[in-house]
Amino acid sequence: METTEILNVADMLTPRAVADFVAWAMQKTEVLSATPEAKQYVRSGAELPTKFYDEIYPLALFVEREFGNVRDAVVTPNLNNDNFDATVTFKGSRSKVFIEITRAKNGYDESLRMEVLARDGGVSWTGPIRVSGKKWTPERLVEITPEAVCHDDELLAKHLSLVETTVKAKAGGRQYGKDFILLVIVDDYDHFRTESDHTKLDAFVRDRLLSADLDFERLIIFGISGKLQLSYLLPRYCDDPAMKGDVR
């Protein structure tokens, strides 16, 4: 199979029942890691594999956890430049949940590391980066020095800051609505992996991010492993003041 045939827009946009959507996404992850050519395709920065791993794969983990026991729930990804990345509808009902998905990451840093990974077949995910020259030119040089990083408060603070920047980018004049969920994807393999990290993340979100400027019913912080989920009712659409910020 040609790598460009692994993912195509029509297939990615197909509405599927939750169990079918999850099975489809898991099958795609297997294919995308099955051969050196497929791995190279993932590392290339091409639009569809990037969209798959940034949005659709974590979406599958989330809907399995959130709607897996909801009968007749149907998931439909959206690849257009709308203010949502997926919907969940329910057969026999007019209700619809809109999901806006965003990843808390340093995109430029990650793109440079992916460039080295594609070139060398391996990369340090924590070491300092030195870059010169324009991409796709002979003068291009990206070097990453392997460096062990302690999982300390300084590193955690860096990633809490990424969460804050990501959430606040969806605030202000952006319009969503009561039927919208903001799903923020975080790396809970390396950066939010312990119960202590989860507690600090929860306290940080409650203290700084539950703003009425967020035009969503709920904010959900979701780990890419599928194990971490922190869910909050947001002030704009919470009728009971005592419930604001409650985790569901």
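## Threonine 76 and its surroundings

Let's start in strand S2, which is where threonine 76 sits in this predicted model. Which residues does threonine 76 contact, once its neighbours within four places in sequence are left aside? They are Leu13, Pro15, Ala86 and Thr87. Valine 88 is 12 residues away from threonine 76 in sequence, and their C-alpha atoms are 6.5 Å apart in space.

## The protein as a whole

Now step back and look at the whole protein. Its secondary structure comes to seven helices and nine strands. There are 248 residues, and 45% of them are buried. Take the contacts between residues at least 6 apart in sequence: 58% of these join residues at least 24 apart.

## The largest nonpolar core

The largest nonpolar core has 37 residues, and the members that touch the most others are Phe52, Phe62, Val63, Val88 and Ile99. Helices and strands both take part: H2, H3, H4, S2, S3, S4, S7 and S8 each supply at least two residues of this core. Which of them gives the most? That is H4, with 10 residues.

Apart from this core lies another one, made of 26 residues, including Leu156, Leu182, Leu209 and Ile221.

Phenylalanine 52 is part of helix H4. Is phenylalanine 52 buried or exposed? Its relative accessibility is 0%, so phenylalanine 52 counts as buried. Beyond its neighbours within four places in sequence, phenylalanine 52 is in contact with Leu7, Met12, Trp24, Ala25, Lys28, Thr29, Leu32, Tyr57 and Pro58. One of these partners, threonine 29, is 23 residues from phenylalanine 52 in sequence, with 9.1 Å between their C-alpha atoms.

Phenylalanine 62 has its own set of partners. With neighbours within four places in sequence left aside, phenylalanine 62 is in contact with Phe67, Ile99, Ile181, Leu183, Ile220, Phe222 and Gln229.

Helix H3 has Ala38, Tyr41 and Val42 as its buried residues. Why do they line one face of the helix? Looking down the axis of H3, you would see the buried residues fall within an arc of 100 degrees, so they share one face.

The face of H3 turned away from the buried side carries Pro36 and Glu37, which are exposed.

## Two positive phi angles

Just after H3 comes glycine 45, with a positive phi of about 85 degrees. Most residues other than glycine have a negative phi. Aspartate 72 is a residue other than glycine, yet its phi is positive, near 70 degrees.

Where is aspartate 72? Look in the loop between H4 and S2. Aspartate 72 has 35% relative accessibility, so it counts as partly exposed.

Methods
Residues are numbered from 1 along each chain as its sequence is written. This is a predicted model: local features need pLDDT of at least 70, side-chain atom pairs count only at pLDDT 80 or more; totals for chains, interfaces and linings use all residues. Side-chain values use heavy atoms; hydrogens and water are left out. A nonpolar core is a set of buried Ala, Val, Leu, Ile, Met, Phe, Trp, Tyr and Cys residues joined through side-chain atoms within 4.5 Å. Buried means under 20% relative accessible area, exposed over 50%, partly exposed in between (1.4 Å probe, protein chains only). Helices (H or I, at least four residues) and strands (E, at least two) are DSSP runs, numbered from the N terminus. Contact means heavy atoms within 4.5 Å. The arc is that of the directions from the helix axis to the C-beta atoms.
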